[in-house]
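Here is a quick look at ligand shells and aromatic contacts. Have the viewer open as you read.

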Amino acid sequence: MIPGDSEIIDRTGLNRLVEVLAELGYRVIGPQLRDGAIVLDELASGAQLPDGWGVEAEPGRYRVRRRDDRAVFAHSAGPGSWKTFLHPPRRKIAGLTADLVDEHAAGPAYERTADPAYERTTDPADEAPKPYAFLGVRGCDLTAISVLGRVLDGAALPAAPPARRRGLFVVAVNCTEPGGVCFCASMGTGPSVSPGYDLALTEQVDEDGHRFVVDVGSDDGARVLTEVAPRAPATAAQVDAARTQVSAAADRMGRAMPEIDLRALLRDSRESPHWQEVASRCLTCGNCTMVCPTCFCTSVTDVTDVTGEHAERWEHWASCFELDFSYLHGGSVRQSGESRYRQWITHKLSTWYDQFGTSGCVGCGRCIAWCPAAIDLTEEVASLAALSGEVTDDALR
Ligand code: SF4
Ligand code: SF4
């Protein structure tokens, strides 16, 4: 078996794939149903995958629903993303211990116990790191992993231990069931996955049964798939059917980003009256930044224990919607909600290109579903464009 080959596995084979990855020493992360949402977490077995669960999503609303089939990957993005594992929400980056005995004789009272590379954390997984295998990565999220990697690798301090990114094994999923807030097709990130995966699944449920067309994307993928059974080579008809299914999904996206020069629009909309209108709805809660698979900002907090002998430095996710996020010499630079929303969307869709050479948005739709005020960035872009006179509302929607 070599990259480019396609095989067929059934539901039993999918469970076996999870087992094989675990046997090879991977920490397998995949979707599962918990607390009324499809979340991403470690899989003890393939039986934890969300068979027969779908999702209804629209601005400000997300609900899981029972499907009338046993499809495993027929759900759109949930509240969590792979960012949680590559760029953890909270991690210790340094520990400090007071040398009380030699406090005055030996110079500095505190010595840093973390190594200079900031690679030690309190997470036991980091003490004996296991590489991750991500199961069920959609096209939008595969692009997000790559965008985030580019951002983190370029950061002045490593924002996540490199080991967390090294050795990642990706089982991607070609999306055949886009959600109500998805717009990956208009961002060029889905519904089919781009190269960068080890294996890519296309799920098929029909009168002939439940199976997965598996495309081999790498030598590692070929080695893993060799261990999976039952398995058979995919016929040309099965591969064609899978490709047709995925192409059809592109026409069923819940939304689309207007086809205009987003960089120029945002750059030229700095003084648009629309920012005030958005601010009248936006709660500046920061939900959109927390669920976004590419938002990467962090802050640092120092804490001490009650004895005063130990201190720790923790890094945690931060949001450009926080008032303190832009605190500089006695005050916040962005005091109003309008300036903070403008900052977020302008960075995502325009200045991200200047910094990282790519869009900061992959069209996953999470920020739309999880915004308590139902603010939809595709709609806001359409309104900005209409106000700028570039295009009419009718042409945009
Ligand atoms: S756009 Fe929505 S999710 Fe984002 S800060 Fe405003 S209210 Fe919160
Ligand atoms: S901005 Fe919204 S749609 Fe774009 S990647 Fe982030 S969460 Fe997804």
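## Charges over rings

A charge sits over a ring if NZ of Lys or CZ of Arg is within 6 Å of the ring centre and within 35 degrees of the ring normal. Arginine 90 does this with tryptophan 314, its charged end 4.0 Å from the ring centre. Lysine 83 lies over the face of tryptophan 317, 4.3 Å from the centre of that ring.

## About the model

The model is predicted: local features need pLDDT of at least 70, side-chain atom pairs count only at pLDDT 80 or more, and totals for chains, interfaces and linings use all residues. Residues are numbered from 1 along each chain as its sequence is written, chains are lettered from A and ligands numbered from 1 in the order written, and side-chain values use heavy atoms, leaving out hydrogens and water.

## Around ligand 2

Counting residues with a heavy atom within 4 Å, ligand 2 has 13 around it, and the closest are Cys292, Cys361, Cys364, Gly365 and Cys367. By class, that shell has nine nonpolar, two polar and two charged residues (Ala, Val, Leu, Ile, Met, Phe, Trp, Tyr, Cys and Pro are nonpolar, Asp, Glu, Lys and Arg charged, the others, Gly among them, polar).

## Around ligand 1

The residues around ligand 1 include Cys282, Cys285, Cys288, Phe321, Tyr341 and Cys371. This shell splits into nine nonpolar, three polar and no charged residues.

Both Phe321 and Tyr341 are buried (under 20% relative accessible area; exposed is over 50%, partly exposed in between, with a 1.4 Å probe and protein chains only).
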